[in-house]
Structures are given as C-alpha cells and as structure tokens.
Amino acid sequence: MNFIVEMQGITKRFGVVEANQGIDFDLKPGEIHALLGENGAGKTTLMRILYGLYRADEGEIRVAGKPVVIHSPKDAIGLGIGMVTQHFTLVPPLSVVENVALGQEGAVTLDLDQMRQRVVDAAKRFGIEIKPDALVRHLSVGERQRVEILKSLYRNARVLILDEPTAVLVPQEVEALFQTLNKLRESGMALVFISHKLNEVMELCDRITVLRDGKKIGTVLRGETNEAELARMMVGRETFGVVRPAERRGGEVRLKLDKVNALDKKGLPALKNISLEVRAGEILGIAGISGNGQSELAQVLSGMLKPVSGTVWVDGKDMTGASPADFAAANIGRVPEDRHSGVVGDLSVAENLVLEHLEEFSRNGMMDYASVQKFAQKMIEDFQIKARPQDPIRTLSGGNMQKVLLARALAHKPRVLIVAHPTRGLDIGATDYVRSKLLEQREAGTAILMISEDLDEILALSDRIAVMYEGRIVGIVSGRRATPEVLGMMMSGALEVDYAEA
Amino acid sequence: MEAFLVGLIAATLRVATPLILGTLGELFSERSGILNLGIEGTMFLGAFTGFAVAYLTGSLWLGLLAAVLAGMLAGLLMGLFTVTLGVNQHVSGLGITLLMTGISLFLYRVIFGERSVQPSIPTFPKVSPFGDTPVLGPIFEQYLLTYIAIALVPLVWWLLYRTSFGLRLRAVGENPEAADAAGVNVFRIRYIALAIGGGLMAAGGAFLSLAQLGSFIFGIIAGRGWVCIALIIFANWIPSRVLWGALLFGGVSALQLRLQATGAQLPYELFLALPYLVTILALVLAGRSAAAPAALLKPYRRE
Amino acid sequence: MPRLKIERYPAPLWVRPLIPVISIVVTFLLTSLVVLALNKNPFEAFYYFLIAPLASQSSAIEVLVKSTPLLLTGAAVTFAFSAGYYNIGAEGQLLAGAVAAAGLGMVLQNVPPVLAIPIMIVGGFAAGMAYAAIPALLKTRLDVDEVVTTLLLNTVILFFISFLLNGVWRSPVSGWPQSPEIADSAIFPRLIPRTRLHLGFLLAWISIGAVWLVFRRTALGLRMRAVGLGKEAARFAGVKVEQTMLTAALISGGIAGLAGVSEVAGIHYHLIEAISNNFGYTGIIVAMLGALNPLGVSLAALFLGLLDTGAQTVSRAMGIPIYLGNIVQSALLLITLAALVLQNYRIRRE
C-alpha cells in the first residue's frame with residue numbers, strides 16, 4: 001500500500017509533559033482517517049507537527065515515501081498538506097475570493113475577474129459551494145469553514161487535516177460538511193478528521209486511530225469496531241485509586257438554574273435550556289468534553305456572562321445577570337476555569353486574597369494592611385501555600401496559585417461554591433489537597449458545582465453527575481451508577497439519559 | 001457673492017492639501033494595524049527638511065524629495081518600536097512626535113541660527129490649467145502639490161484595492177494571523193506601510209513650507225497631525241472619504257478665514273473646534289467603530 | 001558562524017530599577033554623537049547639561065521651578081495609567097485648570113489670600129476634573145477610546161482659550177492676547193524670597209504624596225492597580241471596573257488642572273495661549289520614566305526639570321541649540337520603552 005503520509009515514532013515534549021509519545025500514524029489517498037481521543041490526548045499536537053506549527057523532538061515524517069522536514073506551514077503547503085483549524089484564519093472584511101487568493105495573487109496588480117474565475121473554478125472542481133463575492137464577515141460559520149477548506153485546496157492540497165471541524169457547526173451544517181468531505185475522498189484526497197464524537201467518526205471515517213494521554217492506543221477499521229469499544233479505548237482507565245465519598249442526598253436547594261440560555265463570544269448559542277439544582281452538602285459534577293458549554297456555564301455562575309433567558313436562583317434569590325461584585329457579596333465562592341484569569345498577576349498574594357472582600361479590610365476607604373497581612377498569613381498556613389504574602393502572584397506555581405484562589409473562595413464559608421477544573425495542570429500532591437478541601441466543604445454543607453474534564457475527578461468526588469454535550473445537559477446520573485463507559489458515551493453524544501433517572 | 005465663493009473654494013483646496021496628504025499617510029499606517037501618533041512630528045519634520053534642503057540646494061524638488069525620505073525614516077523608526085518591539089502604540093507614537101519635533105527645531109537652529117529676519121525661499125509656482133476662464137480659472141489656480149494630493153486619492157484607492165500589496169495590507173491590518181497563515185510577511189508589510197505613510201505625512205508638512213509659506217515657522221503644523229487622526233476616523237478608513245473629509249475640514253477653516261477677512265464678528269474659534277467635536281460625536285455614534293481595522297493597536301507576535 | 005537566536009528570557013527582578021539608569025546612559029551616548037557632530041566636546045556638554053545647573057543655588061532652584069508642572073502632570077498621568085486609563089489629555093486638563101485660575105483670579109479682587117488661594121486650587125482641580133469627565137464618561141459608559149478623545153480635546157480647549165484671549169479677556173492694557181492680571185491675593189506666595197519657587201512646588205509634592213497614599217494605603221488604590229494590571233481578573237473578583245476607572249480619570253484630570261493653576265498663579269499671573277510648554281505630554285514621559293511609581297515619578301520630574309534647565313545652560317555656554325533638551329527627553333522616553341521590552345529577551349548561540 002502506498003501511503004501519502006507516514007509519521008513514525010513521533011515524540012513531542014512541552015517542558016516535562018510528553019504530549020506525544022512515540023506515535024505512529026499513516027494516511028492513504030482516498031480515505032478519511034479519524035484521530036479520536038479526549039482533550040489533551042495529543043491529537044492536535046500530532047497534526048500541528050505534520051502542518052509545521054510544532055517541531056517534533058523525535059520521529060520521522062515521510063510524504064509520498066520521501067523523508068521530509070517541515071519547519072513551517074509554508075513547507076507543509078508546499079508538500080500539499082493543508083489544515084483547517086478550529087480558529088479560522090480568515091479576514092472578515094475581505095471577500096471570499098480575496099481570502100482564498102490572499103498570498104497567492106500571482107501578479108503585482110490584481111486582475112479581479114481572473115482571480116474570481118480561478119477561485120470559482122477551483123470551487124466547482126471540488127464541488128464546494130461558495131458565494132465568491134460575499135464578504136466573509138457576512139457568512140455563517142459553516143460557509144466560513146468551506147472557504148477555509150477551499151483555501152487549502154486552492155493551494156493544491158492532497159492531504160487535508162480538519163481539527164474538530166464539527167465543533168463549531170449546527171447539525172445541518174455538519175451534514176453539508178460530510179457531503180463535501182465524502183466528495184473530496186472520492187476525488188482521491190487523504191483526509192484527517194480530528195474528533196471526540198463517536199457517532200461522527202463512525203458515520204464518516206474509514207480508519208480510526210485512538211490516542212490517549214499522548215500514546216497511541218490503536219488503529220481500527222470502521223467495519224470492525226463499534227461505539228462501545230471506541231469509548232473504552234478513548235477513556236478507559238486502568239485503575240481508580242480514589243475513594244468515592246458515601247453518596248448522599250443533599251439538604252435544601254441552594255443553587256437553581258431554570259432554562260438558562262446564553263451565547264458565547266461569537267454570539268452563538270452556548271447554553272441551551274440548562275436547568276439544574278445543587279443542594280447543600282452535595283457536589284454536582286459537570287462532565288463533558290471542553291467546548292460544550294462548560295466555560296459559559298462557569299461564566300454565568302460567576303457574573304461574567306449575562307444569560308439571554310432563564311433564571312438563576314441562589315438561596316431563593318434571583319441572581320440572573322448579577323455582576324461579579326453581586327456574586328461575591330452574596331457569598332458565592334468562585335474558582336475560575338483559567339486560574340490566570342482569576343488573579344491579577346502583578347499584585348501580591350495578599351492583595352489577591354483580599355480583592356473580593358475589600359470592605360472587610362478597609363475602613364473609610366483606608367486599607368488596614370495589618371489585618372490583610374494577618375489574613376494572608378493565616379490563609380497561607382491553612383491552605384499550605386508555598387509563598388510569602390508579598391510575593392507577586394504570577395511567580396507562584398500553578399498549584400499554589402490554585403490554592404490562593406481556593407482560599408479566597410472558601411475563606412468566607414460560602415453558601416455555594418462554583419469550581420471549574422479545580423486540579424487541571426496540578427501535580428498529584430496538590431490535586432489530592434484540593435480535592436480533600438472540596439470534600440471538606442461538602443461535609444460543611446456547602447452546595448458545590450464542580451466543572452471538570454477529568455473523569456476520574458468527576459467520579460471520585462461527585463454525588464451526582466450532569467453531562468454536557470453541545471450546550472445541553474444530556475443527562476444527570478448518580479455518582480454511584482456512573483461508569484467511565486457510560487459517561488464517555490454521553491460526553492460524545494452517543495447516549496442520552498433521562499433526567500428522571502438521577 | 002461669486003467672487004466670495006470662488007475664493008472660498010480655492011482656499012478650501014489649499015487648506016485641505018496637507019490634510020489630504022497627512023490623512024492618506026495615516027491611512028496606510030492604520031490599515032496595516034498601526035496607529036501612528038507620530039504624524040504630528042513627522043509632518044513637522046517634513047516641513048523642516050523640505051525647507052532646509054530647498055534653501056541649501058536651491059531646489060524645491062530636492063527639498064520635497066528629502067522631506068519624503070525623512071518622513072519614511074520616521075515611519076521606519078515607528079516600525080522599530082511598534083512592529084519589532086511591540087511597544088504600546090500610543091506612547092511610542094507620541095515619543096516619535098516629540099523626537100521629530102525636537103530634531104527639526106534643533107537642526108533648524110544649527111543651520112539657520114537665530115536671525116532677526118525669517119529666512120525664506122521662493123515657493124512652488126501655482127499652476128492654472130484653466131487660465132483666465134471665469135470661475136474655473138481662479139479656483140484651479142493652485143500649487144502643483146494640491147493637484148498631486150488630489151490625484152493621490154484614486155491612486156491610493158487603486159493601490160489598496162487593485163494590487164496584491166493592497167490586498168495583503170488590508171489582510172494584515174484586519175487579521176495578521178490569517179495573513180501570516182496565508183504566507184504573507186506581516187512584519188514586512190507593516191514596515192512598508194509605515195514608510196509610505198511617513199513619506200506622505202512629511203509631504204503634507206513640506207507643502208506648508210515649500211508652497212504655502214516659503215518659510216519655516218515653529219507653529220507651522222499647529223495640530224494638523226491631530227486633525228488627520230480625527231479625519232481618518234471621520235473617513236472610516238476609506239480613501240475617497242479622506243478627500244471629502246479633508247475638503248470639509250478645509251472648507252470650514254477657509255470659511256472662517258474669509259469671514260474674518262470681511263470683518264464679521266464671529267467666534268471663528270468655534271468653527272475651528274467644530275470638526276473636532278463632530279469627530280468625537282462620530283466616535284460616539286459609531287461606538288468602537290466596526291470600520292476600524294480590527295488589528296489596530298495590537299502588536300503581532302508569532303507563537 | 002554560529003547562529004544566534006533571540007529567545008524570551010525575562011531578566012531578574014533586580015534589573016527593573018536599573019532600566020531608567022541604563023536608558024539614561026544610552027540616551028547620553030547617542031546624544032554625545034550629536035554633540036560631536038557639532039564639533040563640540042560631549043563631556044563639556046554633559047557638564048553644562050547635568051552639573052552646572054546644580055552648581056549655583058539660584059539655578060538649582062530654577063530646576064525645581066521647572067519641575068513643578070512636570071511633577072503635577074506626571075502624577076496625573078501616573079494616576080490614570082495605573083488604572084488602565086490612557087489619559088493623553090493632561091495637556092487639555094492643565095489648560096482647563098489654567099482657564100479656571102485666570103477667571104477666578106480676576107474676580108477674587110477683594111478676597112484675602114487665605115480664602116483666595118484655596119478657591120484657586122479647588123477651582124482649578126474642579127475644572128481639570130470636569131474637562132476630564134467628558135472622555136472618561138464616554139469611555140466608561142459608551143466604550144469610546146479615550147486616547148483619541150483626550151487628544152482631540154487638548155486642541156479644542158486651545159481654541160477656547162484663543163477665543164477668550166482674543167475676545168472678552170483680551171488685555172485692555174496691552175491689547176495682546178493675554179488675560180488681565182489676576183488679583184494680588186490670588187497669587188501663589190513664594191516659598192523662597194527673590195526666587196521663582198512658589199506654592200505650586202509644595203502643591204506638587206502634596207499631590208505626589210497623595211498619589212502615593214492612594215496607591216499604598218487605600219482600597220481605591222488597590223482597586224485601581226487591580227484594574228490597571230488585570231481588568232478582567234479584577235472584574236471577576238468583584239471590582240467595579242468602570243466606576244474605578246472613572247474615579248481614576250477624574251482625579252487625574254484634577255491633578256493636571258492643578259498644574260494649570262500653578263502656572264497661572266505661580267509664574268505668569270495671567271493666561272496666555274502658550275501657558276503650557278507641552279507639560280501635559282511631557283508628563284507622559286515622566287510617568288513612563290518613573291515606571292508609574294510615585295517615587296520614580298518624582299525623580300523623573302526632577303530629572304526632566306534638570307534637563308530643561310540644563311538645555312538652557314548648554315545653549316548659553318556652548319552655543320548648542322536649546323532644543324537638544326527636547327531631543328534628549330524624547331529619546332529617553334523611546335529608549336526606556338525599548339529597554340522595558342528588551343529586558344524580557346536574551347540572545348543566545350543556537
């Protein structure tokens with residue numbers, strides 16, 4: 001079999017993290033090859049190496065049998081490799097034709113008619129429908145994606161990498177995309193389809209390579225596998241070393257969301273009719289693969305994003321669209337998704353600790369720095385933060401920064417606690433510490449909503465687990481009944497569970 | 001009345017000339033994503049260099065050429081700070097303005113010393129393509145640079161919308177990541193844009209010393225650079241609107257001058273301030289204007 | 001030949017305070033090239049620039065006089081920039097303060113100084129604040145870029161002053177475009193007799209002290225720094241970002257207004273169009289050079305005051321045009337900006 005692309009023993013390290021560990025991957029003309037895996041499994045890293053955005057530390061790449069060195073996207077394009085990333089590289093105020101031809105104009109002066117003709121011809125040849133004269137800014141996401149694909153084809157790509165192309169699309173657009181991709185396959189192109197959605201992979205792809213934690217788990221043919229097996233390969237854990245807390249029914253409802261809808265930064269629906277309740281003394285885990293609305297949920301629950309409809313109640317009080325200041329005042333502890341966006345890096349640890357409740361540390365507008373210092377010392381001791389109060393917080397490690405945020409959120413014995421990815425990027429010691437603090441809060445009767453992509457964490461801590469998929473809650477299951485396989489199927493949209501089951 | 005109008009239109013064209021040149025210069029810079037607050041100083045540098053070189057060589061054209069070259073250098077210096085180093089564009093632009101002003105004043109004193117009589121040069125002659133024809137004749141009795149400035153408007157349009165350089169320039173100012181991904185050298189395009197822009201700004205300044213005045217006075221630019229910053233917003237970054245905006249500004253100033261000359265008691269300062277206030281109003285109405293190049297003020301870094 | 005590679009490598013913290021020093025050295029190295037080109041001795045020039053002004057008491061005091069408006073505009077710019085509000089309008093706010101001072105000074109004829117002077121100060125502060133309120137409200141309510149609006153308003157108020165000076169305020173005595181003299185009781189007293197050092201100098205230090213106090217000791221100061229250093233993180237922590245920014249912008253305008261009062265009541269005793277020698281813009285240099293730190297800002301203002309005076313000395317003693325001072329000041333700003341970026345990189349052999 002003559003492969004168009006062969007990658008062998010690819011290893012890529014970021015600091016101490018091995019994002020790819022000796023991965024082999026190959027690609028034939030006329031096939032769609034899926035790269036399947038959870039976030040952080042190393043799919044995108046592997047393809048960014050092929051497209052010249054990263055350089056591999058070890059390993060070899062051959063294109064059409066010849067060993068090649070790819071330093072930049074320019075090299076990749078020269079070898080006939082194109083990539084459509086999740087962040088489109090289009091210029092919104094320019095027309096479709098201008099976007100496609102940019103950098104490939106051919107002459108000093110632009111012959112607009114000829115340029116248009118060439119682009120239209122290319123679109124026709126590959127069966128891609130475009131509006132050549134429309135400004136990209138006026139196009140839907142699906143149309144923009146087609147322009148992005150056409151851009152690669154216009155540059156004579158024989159290999160096309162699509163990084164989670166359906167993540168940004170509505171269902172009808174997905175259908176149209178699949179038709180396009182099928183046509184491209186028929187024309188003999190080789191396509192890489194990066195995804196974590198089992199149903200899409202099973203519908204579209206010929207071969208499926210599964211990655212997990214930077215390692216290749218295996219390559220299977222579509223005809224010889226099923227969704228359950230893929231889910232196991234994708235999320236399968238060898239061991240579960242954590243003790244799940246005794247499950248319990250919480251106390252009174254502290255946090256309630258009713259049919260909450262919200263838009264993301266691009267103005268697309270990100271939360272769709274989210275309804276849930278969190279009771280005193282329970283942890284509700286929100287599971288899901290990133291980009292399915294968890295960020296927006298965390299933002300709505302910290303006052304950073306106003307819902308377009310629906311209601312948020314805290315302790316029976318309507319907090320819909322309240323500001324972060326209101327949330328802080330209502331004693332809702334919040335630990336943000338990205339810890340760097342929750343701290344002011346150049347302010348000290350102490351200053352960051354008191355920022356949320358300045359009124360308690362000042363009188364008539366004058367700061368009482370003696371009590372700030374005392375408070376910071378106490379938090380540093382209580383939470384085992386390895387830092388001095390006066391250190392700029394940006395000099396702290398991720399774990400210590402997270403402890404500062406946790407300390408700030410917990411210091412006032414919050415009624416409700418919203419935490420997003422509490423242990424992402426932390427070492428084992430810090431992870432255990434943070435988790436034990438969360439369980440402590442649960443014992444103390446706080447209502448906790450915990451968003452996480454880490455299934456181990458979700459399973460270890462949650463009394464109940466809600467799974468988000470494409471902005472909806474596709475099911476709430478009890479922590480006792482949940483298994484990685486079931487959650488994996490739900491997270492990739494292959495399974496929905498009736499709410500009532502929980 | 002006819003004489004008044006004809007005189008007004010002729011004066012409008014003259015007053016608008018440095019504004020057209022300066023704003024077209026700013027257009028290049030901003031379309032590439034760089035807000036060049038160095039414009040005030042660059043125009044000043046152009047006015048000085050043009051005058052000094054013309055005085056020393058006796059050639060107005062050499063003066064103009066030297067002014068343009070000096071302006072291009074000022075643009076490249078702006079590029080060093082904003083493109084290569086990625087420094088805050090506001091502060092570096094003001095720094096360039098202060099430095100160029102300082103250099104011009106310093107060199108003027110070095111070359112001309114302190115004289116009781118202002119050194120002067122013969123100015124560019126006026127060109128009257130319509131001769132003694134009524135109305136058109138006196139309106140189009142203008143300096144060559146005025147005609148050049150007006151002719152530059154369609155030329156700049158052509159450059160922006162009908163050449164591959166223009167396409168790349170627009171792409172760089174809107175989405176440098178996209179342009180980079182398409183194989184466009186973002187840094188080079190920005191440097192070129194700043195150089196062209198600086199040259200045009202300096203030509204605007206040189207018009208004042210080489211054509212309108214024939215001498216160099218310290219208040220020669222008198223905030224015209226800031227007017228251009230206002231005009232570019234007013235013009236929505238579109239070449240043809242730069243022309244109309246500059247003529248409107250020029251018209252208001254010219255009217256004010258004419259009215260003053262007739263002895264009418266009018267607060268002419270209000271007329272002068274009006275365009276600024278209108279621009280602020282335009283900013284409010286447009287919000288964070290959708291027409292502004294999206295990458296304006298954002299330094300580009302490759303990951 | 002080994003390939004050289006530029007890579008990100010932040011310099012250790014102790015380098016930061018050295019940056020202004022390094023920048024000053026580099027600036028003077030570049031300046032000495034200019035001096036050499038004029039066939040003069042650069043060491044002699046540096047002597048007249050930096051040392052001669054401090055050699056005699058009277059010229060040393062003149063340095064302090066020159067630094068007075070820079071201390072105020074530097075403090076004003078620092079205050080706004082620290083909260084992430086890019087106030088380029090200190091020039092205009094200074095002029096607003098000057099207009100208020102000239103106007104009040106005229107009507108305070110029979111008021112004793114103990115009353116007249118506080119009225120001047122409060123009036124100038126209020127005028128600067130009011131003029132700063134326009135762009136500040138546009139920014140915080142309507143998200144209109146403050147840099148362009150403050151810049152435009154700097155010119156607008158110049159037209160207003162020109163309107164006053166060519167109209168109602170035109171000096172009845174000389175007919176020049178300058179306002180009538182302010183009342184004697186409104187004139188700032190001299191701090192040292194027979195020098196030009198006036199109450200404004202004290203006012204400037206009080207302002208610097210107040211800025212320091214706000215930054216270091218008040219909840220507002222902490223909120224301001226939080227907003228300036230990380231707007232969204234501050235918002236997340238419950239800081240009312242827009243309200244904080246507005247407060248910072250208004251106080252900044254007020255301090256700049258004081259600079260206008262100080263020039264009118266301490267130096268000129270009337271209003272002229274050229275009342276500000278670009279003090280508002282130089283305040284930006286002062287603030288950047290002082291790294292937005294009150295102590296640094298006061299040192300920077302004194303240093304620029306020295307440069308202003310030194311430029312005169314160099315000019316008188318060596319016949320080098322006084323505008324060398326402008327070049328040194330602006331080059332110093334640009335070189336400092338570059339140094340702040342370059343400290344984060346190093347060059348290494350690959």
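The structure is a predicted model, in which local features need pLDDT of at least 70 and side-chain atom pairs count only at pLDDT 80 or more, while totals for chains, interfaces and linings use all residues. Residues are numbered from 1 along each chain as its sequence is written, and chains are lettered from A and ligands numbered from 1 in the order in which they are written.

**Confidence in chain A**
- The pLDDT, which is the predictor's confidence in each residue from 0 to 100, averages 89 over chain A, and 96% of the residues score at least 70.
- Residues 238-242 of chain A have a pLDDT below 50.
- Where pLDDT is low, the predicted coordinates should not be read in detail.

**The sheet of chain A**
- An open sheet with mixed pairing is built from six strands of chain A, in the order β6-β7-β8-β3-β9-β10; strands are DSSP runs (E, at least two residues) numbered from the N terminus, and two of them pair if DSSP finds at least two bridges between them.
- The edge strands, each pairing on one side only, are β6 (81-84) and β10 (215-221) of chain A.
- Strands β6(A) and β7 (residues 159-163) of chain A run parallel and are joined by four bridges, and Met83(A) stands opposite Ile161(A) in β7(A).

**Chains B and C**
- Contact, meaning C-beta atoms, placed from the backbone, within 7 Å, links 34 residues of chain C with 35 residues of chain B.
- The side of chain C that touches chain B has 27 nonpolar, six polar and one charged residues, where Ala, Val, Leu, Ile, Met, Phe, Trp, Tyr, Cys and Pro count as nonpolar, Asp, Glu, Lys and Arg as charged, and the others, Gly among them, as polar.

Technical notes
Contact = placed C-beta atoms within 7 Å.
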